Every structure is written in C-alpha cells, then in structure tokens.
Amino acid sequence: MARDDEQQTELTEGEELSERVIHISRVAKVVQGGRQFGFRALVVVGDGKGRVGIGVGKAREVPNAIRKGSDRAKRNMVAIPLAGRTLPHGVRVKYGAAEVLLRPAAPGTGVIAGGGVRAVVEALGVKDILAKSLGSENIFNVVMATFKGLLELKNIEVEAQRRGKSVSDLLPPWRAVSDVQ
C-alpha cells in the first residue's frame, strides 16, 4: 500500500499509538441451513506526529475483529508530510462513490471535519484542517478516500525545489516559512 517515495517505518519500543475504532458492522454469509453472522471493524491507528494507518478486520466476535483491524492498521502505517499543524496543500480525492476534500487551515481553526475524516486526521496529528465529505456517505469509502488523499500529499520543500521556487512562493499568505519546518 506504500508508494515508492514513502517509507513504512517499524515501530519502536515505547512508541505511543492512538487506536480508534471508526465503525463496526455486522456482516452475514449465507450457508446451507441459514446465515452465519460476523463483524467487520474499521480501525485507524496513528502516532499524532505524521504517521497513520487504516485496517479492516473481520471475525465472528467483535473483539477479534477489532484486534485484526488494529494489527492491519499498524502494518499499513505510512508517514504523511505535514506543514506544521496542518496539511501542506489541498487535495480532492475519489474512492468509489465517496469524494473527500481536504484543505489546509489557518492556525487556530481546529479540525473541521465529519465522522471518518475526523478520526483519520486526528490520529495523524493534524490540528487545523477544513474537510468536506462529498458523494457517498459510506463510512468505509469515506475513510479510504481520506487515506488516499493523505497519500497524495507532497512535501512542500521538495515541491518548491522541483519547481525551482522558494518555499514562501508556494505558501498561502497566512502561513510563514517557519510553520513548515
């Protein structure tokens, strides 16, 4: 799930991860003689410092589904470039029928996002963001669209160097260059 320019980092001992169950749904498998019910748990894990992962676990009991989802989320953790307390730039992403708009916000704005988007960006450690969920309300697709959007974020210093401009040329007027470092 990681791109070439991202490194999946191993967990170090004593590292504090926040784990949040976003959604638990009951699923059914039709077999001879009736239905077999199970549970699907959507879990987000983050360190609050720019690393986040999403996992889905399925099992017959809720605790096992949550444990499996948490394990998968820890395995899928990726580092996301941040610009201080917010995102380096805005992004609009589709995943299935869900569309998510993520925009950086001025300091002091807070997290203005709903449901699944809020859970992911809070686990990531973003303090100021404007987000809007468009299209489908399916929480699984909204969370996956958010994660996909975060993967598309670029480091503002690398992008400025690639374009041959200074970092201050790419920043909005209310952001100082010192916020990026």
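Which residue in β6 does Lys-94 stand opposite? I looked this up and found Glu-99.

**Ground rules.** I noted that this is a predicted model, in which local features need pLDDT of at least 70 and side-chain atom pairs count only at pLDDT 80 or more, while totals for chains, interfaces and linings use all residues. Residues are numbered from 1 along each chain as its sequence is written, and side-chain values use heavy atoms, with hydrogens and water left out.

**Confidence.** I looked up pLDDT, the predictor's confidence in each residue from 0 to 100, and found a mean of 86 for the protein chain, with 87% of its residues at 70 or more. Over residues 1-9 pLDDT stays under 50, and for this stretch the model has 18 contacts (heavy atoms within 4.5 Å) beyond four places in sequence.

**Overall layout.** I counted six helices and eight strands in the protein chain, taking helices (H or I, at least four residues) and strands (E, at least two) as DSSP runs numbered from the N terminus. The elements run β-β-β-α-β-β-β-β-α-β-α-α-α-α from the N terminus on. Of the 181 residues, 40% count as buried, that is, under 20% relative accessible area, with exposed meaning over 50% and partly exposed in between (1.4 Å probe, protein chains only). Among contacts between residues at least 6 apart in sequence, 58% join residues at least 24 apart.

**The sheet β1-β2-β3-β4.** I traced an open sheet of four strands in this order, with antiparallel pairing, where two strands pair if DSSP finds at least two bridges between them. Its edge strands are β1 (18-31) and β4 (78-79), each of which pairs on one side only. β3 and β4 pair in the antiparallel sense over two bridges, and in β4 the bridge partner of Arg-51 is Ala-79. Helix α3 (residues 139-151) packs on this sheet and touches β1, β2, β3 and β4, its direction making about 150° with that of β3; such angles run from 0 to 180 degrees between N-to-C directions, and the axes are lines fitted to C-alpha atoms, for helices over the stretch in contact. Helix α1 (residues 62-75) lies across β1, β2 and β3, and runs at about 145° to β3.

**The loop at Asp-47.** I then turned to Asp-47, which is found in the loop between β2 (34-46) and β3 (51-59). Is Asp-47 buried or exposed? Its relative accessibility is 14%, and therefore Asp-47 counts as buried. The side chain of Asp-47 reaches the backbone nitrogen of Lys-49 at 2.9 Å, and a polar atom of that side chain lies 3.0 Å from the backbone nitrogen of Arg-51. Leaving aside neighbours within four places in sequence, Asp-47 is in contact with Glu-15, Glu-16, Leu-17, Met-77 and Ala-123.

**The sheet β5-β6-β8-β7.** I found a further open sheet of four strands in this order, with mixed pairing. β5 (91-95) and β7 (111-112) are its edge strands, each pairing on one side only. β5 and strand β6 (residues 98-104) pair in the antiparallel sense over five bridges. α3 packs on this sheet, touching β5, β6 and β8 (129-135), and its direction makes about 135° with that of β5.

**Helix α2.** Why is helix α2 (residues 115-124) largely enclosed by the rest of the structure? I found it so because seven of its 10 residues are buried, including Val-117, Val-120 and Ala-123. Just after α2, Gly-125 takes a positive phi of about 105°.

Conventions
Polar contact = N/O pair within 3.5 Å; in protein donor to acceptor, adjacent residues only side chain to side chain.
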